[in-house]
Amino acid sequence: MEIYALVPVKELRQAKRRLAPVLNARERQALSLSMLGDVLATLSQSPIYRITVISRDTAAHQTAIAHGAAIVVDQTFDLNAALHQAAANIPSYAAVLVVPSDLPLLRADDLLAVTGKSGVVLVPAHDGGTNLLLVTSVQEWAFLFGPDSCARHRAEASRLGLPVHIMRL
């Protein structure tokens, strides 16, 4: 099975605002780019067929190119719409792995465990969100990132009759 990784990256001037009390804007951008580089390096060590960064940020594009990733220029202002935009060119037989750009502790072993499953694999975030999402059939899939996205993605899998695997990494 071919797996296409989608790595959404928001505009870096807006990234990591919660760290503003301790990091200035330039430091937050550098941190975001560093984490993106870590994620892309890890993805390149895993069984991923193609890595695509979707963003409107040129610094993120440059980092993607430096790591051999493809680029999709985000034409939306919404994460879920951006993911649908990026997934539009993925063949129907391929799986999609959505990996946020800010998971610097992600390891290739984690990706091997996730990509070894069929159906839908969810790695929940501590706040009820979704840290990783693997969908082996993306044709009718609705990306539902946002508050409580893990539960919403699980319901989407049920709606489509896809098996769900919850993994904690």
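In this predicted model, strands S5 (120–124) and S6 each contribute at least two residues to the lining of the second largest pocket. The volume of this pocket is about 250 Å³. Its lining consists of 14 residues, and those closest to the pocket centre are Leu 103, Asp 110, Val 123, Asn 131 and Leu 169. Sorted by class, the lining of the second largest pocket comprises 10 nonpolar, two polar and two charged residues.

The largest pocket has a volume of about 1300 Å³. A total of 42 residues line this pocket, and Lys 10, Lys 16, Leu 79, Pro 100 and Asp 102 lie nearest its centre. At least two lining residues come from each of helix H1 (25–44), strand S2 (50–55), helix H3 (79–87) and strand S6 (130–135). Helix H1 provides the largest share of the lining, with four residues. By class, the lining of the largest pocket contains 19 nonpolar, 12 polar and 11 charged residues.

The interior was examined next. In soluble globular proteins, nonpolar side chains tend to be buried together. The largest nonpolar core of the model holds 29 residues, and the members that touch the most others are Val 7, Leu 43, Leu 97 and Val 99. Two or more residues of this core are given by each of strand S1 (3–8), H1, S2, helix H2 (58–66), strand S4 (95–98), helix H4 (108–115), S5 and S6. The largest share, four residues, again belongs to H1.

Another core, of 23 residues, lies apart from the largest one and has Tyr 4, Val 72, Ala 87 and Leu 122 among its members.

Ala 20 is located in the loop between S1 and H1. Its relative accessible area is 41%, so Ala 20 is classed as partly exposed, a term for values between the limits of under 20% for buried and over 50% for exposed. Between Ala 20 and Leu 133 the separation is 113 residues in sequence and 29 Å in space, C-alpha to C-alpha.

Conventions. Residues are numbered from 1 along each chain as its sequence is written. This is a predicted model: local features need pLDDT of at least 70, side-chain atom pairs count only at pLDDT 80 or more; totals for chains, interfaces and linings use all residues. Side-chain values use heavy atoms; hydrogens and water are left out. On a 1 Å grid over the protein atoms alone, a cavity is a set of points where a 1.4 Å probe fits but cannot get out, and a pocket is an open set with protein on both sides within 12 Å along at least five of seven lines; lining residues have an atom within 4 Å of a point. Grid points are joined across faces, edges and corners, and a volume is the space filled by probe spheres set on the points. Ala, Val, Leu, Ile, Met, Phe, Trp, Tyr, Cys and Pro count as nonpolar, Asp, Glu, Lys and Arg as charged, and the others, Gly among them, as polar. A nonpolar core is a set of buried Ala, Val, Leu, Ile, Met, Phe, Trp, Tyr and Cys residues joined through side-chain atoms within 4.5 Å. Buried means under 20% relative accessible area, exposed over 50%, partly exposed in between (1.4 Å probe, protein chains only).
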